[in-house]
Amino acid sequence: MSDKVYDILIVGGGPGGLAAAIYGARARLNTLLIEKGKTGGQAATTEDMENYPGFARGTTGPGLMKAFTEHAESFGAEIVRDEVVKIDMEEKVVHTKSGATYKSKTIILAPGAVPRTLNIPGEFALRGKGVSYCATCDADFFEELDVVVLGNGDAAIEEAGYLTKFANSVTIIVIHDEGILDAAPMLQERAFKNPKIKWVWNSTLAEIKGDGLVESVVIKNVKTNELTEMETNGVFIYVGTVPQTEFVKDTGLELDERGYIVTNEKMETNIDGVFAVGDARVKYLRQVVTAAADGAIAAVAAEKYIVEEEGFRQSVLEEDRPVAVVFWSPMVQKAIEMMPTIETTIDSYGEKVKLWKMDTYRNQRVANRYNVTKNPTIVLFNKGEVVATLEEDAITEDSIRQALADLVS
Amino acid sequence: MLEVHKDNFEAEVLQAEGLVLVDFWGPKCESCLAVMPDVEALAEKYGDRLKFCKLNTQGNRRLAISQKVLGLPVIAFYRNGEKIDELAKDDVTKENIEAKILELLA
């Protein structure tokens, strides 16, 4: 491992990771992004991209992601192609498949998600032979051929529309009753008008058949359990995604029961200095625009974290003198009232005791670390260790002097 | 790496003696583009022991389908003109390709 310590290390190069890299590098932070494949993530596998604000029709997923990547690099973000296999969350050391290790002050996890597989007979064996999860990659093979699409969310309906530019016919298999789709209304409207799209309702796939290439699918009606075989040349599966968080299991990082990373609105995970963005975190809407927004928030939160942590370390933990850290907030009346007593008392020790004010409204994390719940609270540090804690009404000139008595000769 | 297409595939792959690797790719397939430098590096390393070819499926669609390739990426292996093995989709990684090369050379 080199001695270099990055400010921000981003794991994953989709729109969330790239946006974090843009914000991080532009803030002049040493920013490293590690991506195992090509940058762009899932967004680079969708051709039609018509809902990224400011970019109307004609913008493609790969095109937009190329622009994101160049944007990040133009500000000086370093992009390395490698796969992160293990992270020491506390030490912030990242290990990759190629054997490299990188150390950073903060980590932004942007591992994204991958299409969910059905695990039905024939699916695995016929991948690359007609079974696909990526219309952009494979659509042009199906010129004048017939394909089926399984699924009815935004991705399924949008990609089915894209496939009609190539295929002879596109049959969408929908699990719901006739006319009901999960996709956005505008996508539905367009699909229902598309003469190349056919529909099979109340159904899913039971099997994909073919010798060397896909030849047919077995469709199962979920109401009657009836099986029907239909000839087709291709099967595109869009039944949701799964987060790529396997590599952070058992690191102490909080995940939900489906494997998504839990964050707050600052993109902070349960581990200090570790943030998560994009499709792999628990969130309401998984889109390029929300991933990018996550990335911007995480980079700014990471920058603030670095400033605060370094400030606290240098000014409090590494200080030779005793330090009285006053956790307070100008929003709390009691804290404002007590501040003059605190300041006058500490100041009377001159250079022997240092006063360090910490606004808990701005920095909750350090307050939490020292179990500060009352406002104001004085935590007295000596050589990096907590030696006394005084809360609210227990803070008087006498109690402060008493706590300092043993430390100041 | 040798660029193969509908006009030379027969001669360079199907009539070739020994082991041949064919990287089926397309300009719109991001994962194909991502793995391409790795395949180039493997060609440097093992080029004297097997033949490395790449096939742009755009413009060679019928040829790809005739080789039972209907989706990308696919890395196919031929021995004496006969397709003997292949890696598709997520299995196409540098590690897997190298492992397969070593397995087939053994």
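The model is predicted, so local features need pLDDT of at least 70 and side-chain atom pairs count only at pLDDT 80 or more, while totals for chains, interfaces and linings use all residues. Residues are numbered from 1 along each chain as its sequence is written, chains are lettered from A in the order in which they are written, and side-chain values use heavy atoms, with hydrogens and water left out.

**Interface**
- Chain B brings 26 residues and chain A brings 28 residues to the contact (heavy atoms within 4.5 Å).
- Together the two chains bury about 2200 Å², 54% of it on carbon and sulfur atoms (accessible area, 1.4 Å probe, lost on being put together and summed over both).
- Six salt bridges cross the interface (a side-chain nitrogen of Lys or Arg within 4 Å of a carboxyl oxygen of Asp or Glu).
- One of them pairs Asp138(A) with Lys89(B), whose closest N and O atoms are 2.4 Å apart.
- On the side of chain B that touches chain A, α2 (30-46), α3 (61-66) and β5 (82-88) each supply at least two residues (helices, H or I, have at least four residues and strands, E, at least two, as DSSP runs numbered from the N terminus).
- α2(B) gives the most to this side, with six residues.

**Second largest pocket**
- This pocket holds about 340 Å³ of space.
- Its lining has 21 residues, and Asn264(A), Lys266(A), Glu268(A), Gln364(A) and Arg365(A) lie nearest the centre (on a 1 Å grid over the protein atoms alone, a pocket is an open set of points with protein on both sides within 12 Å along at least five of seven lines, where a 1.4 Å probe fits; lining residues have an atom within 4 Å of a point).
- α6(A) provides the largest share of the lining, six residues.

Notes
Points joined across faces, edges and corners; volume = space filled by probe spheres on them.
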